[in-house]
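Okay everyone, thanks for coming. Let me put the molecule on the screen before I start talking.

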Amino acid sequence: MRHSRLEHAAARVLLVVGIFNALSAFAGGVPLIARPDGTAMGMPLSMLDGTPFSSFLWPGVVLFVVVGGTQALAVAAQLRRRTWAAAAAAVGGFGLAIWIFVEVLLLGGFTVLYVLYFGTALLQLAALLVSLGLFAGASAGAKSTPARD
């Protein structure tokens, strides 16, 4: 099966965004696990008031293992051309989007990081769809087939 230039470019974007997301999740998870009082990242424990957490340990573990792990697995699968690479990228992208959504719900407020990482999750999912050829029929000159009743 032949892929378009757009699909190849989207696959490269998918790889770069996956690497960025994995490294970011690992870089955020390590200090939360190492110093669950939040001091390593300048976050007071009072941020967790009203949440199910008394420290940043479990959020750090989830960020590192679940978010970072799924992103790293998706990158490895893509690099090794595994048949399940697309599914792994989808899990990674949706996992990051859900992480940010839950973080906003639990912590409230606003930070540019919410926008950045929700944006990278959406970019990852969009790049996945394009790399799979979802928009191949929408290219210029493509003929559409009328629907039959």
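This is a predicted model: local features need pLDDT of at least 70, side-chain atom pairs count only at pLDDT 80 or more; totals for chains, interfaces and linings use all residues.

Residues are numbered from 1 along each chain as its sequence is written, and side-chain values use heavy atoms, with hydrogens and water left out.

So, how many aromatic pairs does a search of the whole structure find? Two. Rings of Phe, Tyr and Trp (its six-membered ring) pair if their centres lie within 6.5 Å; planes under 30 degrees apart are stacked, over 60 edge-to-face, and the rest tilted. Phe20 and Tyr117 have ring centres 5.9 Å apart and planes at 15°, so they're stacked. Phe20 itself is partly exposed, at 37% relative accessibility (buried means under 20% relative accessible area, exposed over 50%, partly exposed in between, with a 1.4 Å probe and protein chains only).

The other pair, Phe26 with Phe64, is tilted: 4.7 Å between centres and 45° between planes. Phe26 sits in helix H1 and Phe64 in helix H2 (residues 57-79), so this pair ties together parts 38 residues apart in sequence. Helices here are DSSP runs (H or I, at least four residues), and strands are too (E, at least two), numbered from the N terminus. Phe26 is partly exposed at 24%, and Phe64 is partly exposed as well, at 29%.

Now the packing. In the contact of H2 with H3, the residues divide into 12 nonpolar, five polar and no charged. Ala, Val, Leu, Ile, Met, Phe, Trp, Tyr, Cys and Pro count as nonpolar, Asp, Glu, Lys and Arg as charged, and the others, Gly among them, as polar.
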